[in-house]
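Hello,

Please find the structure below.

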Amino acid sequence: MARLLDVLRERLELTGTKEGCGEGECGACTVLLEGRPVLSCLVPLVQCAEREIQTVEGLADSVPSFFEQFVATGGVQCGACTPGIVVTAAALLVESPKPTRDEVQKALAGNLCRCTGYEGIIRALIEEAGR
Amino acid sequence: MTRALTPSNLREALSLLGEDPGLVPMAGCTDLMVTDPVERVELPAVLDLTRVRELRGIRRGKEALEIGATTTFSEIGSSADVEELFPALARAARVIGGWQIQNRATLGGNIANASPAGDSLPVLLVLDATLVAASTNGERRIPYTEFHVGYRRTALEPSELIDRVSLPIPVPGSVQAFRKVGTREAQAISKVVVAMLGRVEEGKLADYRLAAGSVAPTPVRLAEVEDSIRGRSVGEETASLAGSLARAAVKPIDDVRSTATYRAFALERVVRRLTLQLI
Ligand SMILES: Cc1cc2nc3c(=O)[nH]c(=O)nc-3n(C[C@H](O)[C@H](O)[C@H](O)COP(=O)(O)OP(=O)(O)OC[C@H]3O[C@@H](n4cnc5c(N)ncnc54)[C@H](O)[C@@H]3O)c2cc1C
Ligand code: FES
Ligand code: FES
């Protein structure tokens, strides 16, 4: 079955969404489906008809300051995980505008980062929420 | 190419499945879409359940709470009714995968996938759940303890869908417990998972129910352990006995996630601790 991930990257050329594992483990491919973070590698295209999908490209316009926070705190190194994390984090801030550290950690539990050690990511989020 | 059918109501879904029982029902796809990336087996035809309204949602009745098959674990984990009546299920829902998985993964998918490690399954076993299956012939109520008949085999017929799960509201004073042992807190398939329900009356366990996952080919309700423990006074001695009986009652295996020895050890410890917490 055609995966949403492939359609985004290859047909629509929205390559901000990344593929890490292709099996739901890493979170790199996170997009918003009807406003909720989901893994686009596990979403068959057929389930997307008439449903709203938002990718990291869409968020770049709505929350540009967020991207700066990530750079400022060292929340980005190789960048492979970053789009997925930004999308998940943006959804968290909608659900919980002033998240606690514990909420941030729980929300991001499905987004793996092999570089940063998470500290910069968590700080970026908490600082963005405090603005 | 996979043929995909997208019914918008239950009647249509059931009649499509009745005509072609080879159709593969599809909900959150968090099991279905995880396929070998090299071999990428294509399903011939799927039946999408995510637009079938009747299958989704939580309804509280006088005697039971009903949860529709395509209700997601995010919905279950954030439901005030589930938290109040079935805290063990709420807890399980919140530790299945991570947030993205919980937003898609459904209770019906967890049940039909029938993995011995499925986290909600031991909880349904101790809650005395009834599974309601639906087909063009109507509804069939299956006691959940009779649903898992063998390794990844269930009592569901190919022409049936899981419609909902019915959970009888527990007697006041019942305490529930849930514990999952995995590699880390989130996004880990269980090495051992335990659910328990108990009720203490005058210092004795008037009710005691215990189920476990990842320790046998199916999730199991440990009825013999329950029989030996029910009626005993609560405390360290009973808890230790429950732990060792549970350990003796199962035959776990070695696999990629854990070893038989560790699983048996962890089961004993978890059962002992949870039993102590019933007070
Ligand atoms: C990264 C990751 C982490 C995970 N972590 C956990 C975990 O911690 N604990 C856990 O228990 N599971 C876990 N899983 C497994 C999975 O998320 C669950 O089993 C989930 O509940 C499956 O639901 P689904 O809606 O996605 O099912 P689907 O993938 O859509 O379907 C699964 C199976 O059920 C059948 N089916 C679905 N709905 C029905 C219905 N109504 N009637 C009849 N048949 C039906 C389908 O045909 C299929 O065979 C994880 C999966 C991934 C990818
Ligand atoms: S690519 Fe989708 S979770 Fe890793
Ligand atoms: S920055 Fe490299 S994986 Fe996160």
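Is C81(A) buried or exposed? C81(A) is buried, because its relative accessible area is 9%, and buried means under 20%, with over 50% exposed and anything in between partly exposed (1.4 Å probe, protein chains only). C29(A) is also buried, with a relative accessible area of 4%.

This is a predicted model, in which local features need pLDDT of at least 70 and side-chain atom pairs count only at pLDDT 80 or more, while totals for chains, interfaces and linings use all residues. Residues are numbered from 1 along each chain as its sequence is written, chains are lettered from A and ligands numbered from 1 in the order in which they are written, and side-chain values use heavy atoms, with hydrogens and water left out.

On disulfides, the count over all chains is zero, where a disulfide is a pair of cysteine sulfur atoms within 2.5 Å.

Y144(B) and F147(B) have ring centres 5.7 Å apart and planes at 15°, so they are stacked. Rings of Phe, Tyr and Trp (its six-membered ring) pair if their centres lie within 6.5 Å; planes under 30 degrees apart are stacked, over 60 edge-to-face, and the rest tilted. Y144(B) is buried at 1% relative accessibility, and F147(B) is buried at 0%.

In chain A, R123(A) belongs to helix α6, residues 119-130 (helices are DSSP runs of H or I, at least four residues, numbered from the N terminus). R123(A) is partly exposed, at 40% relative accessibility. Its C-alpha atom is 19 Å from that of A80(A), 43 residues away along the chain.

Regards

Note on methods: Helix = DSSP H or I, 4+ residues; strand = E, 2+ residues; numbered from the N terminus.
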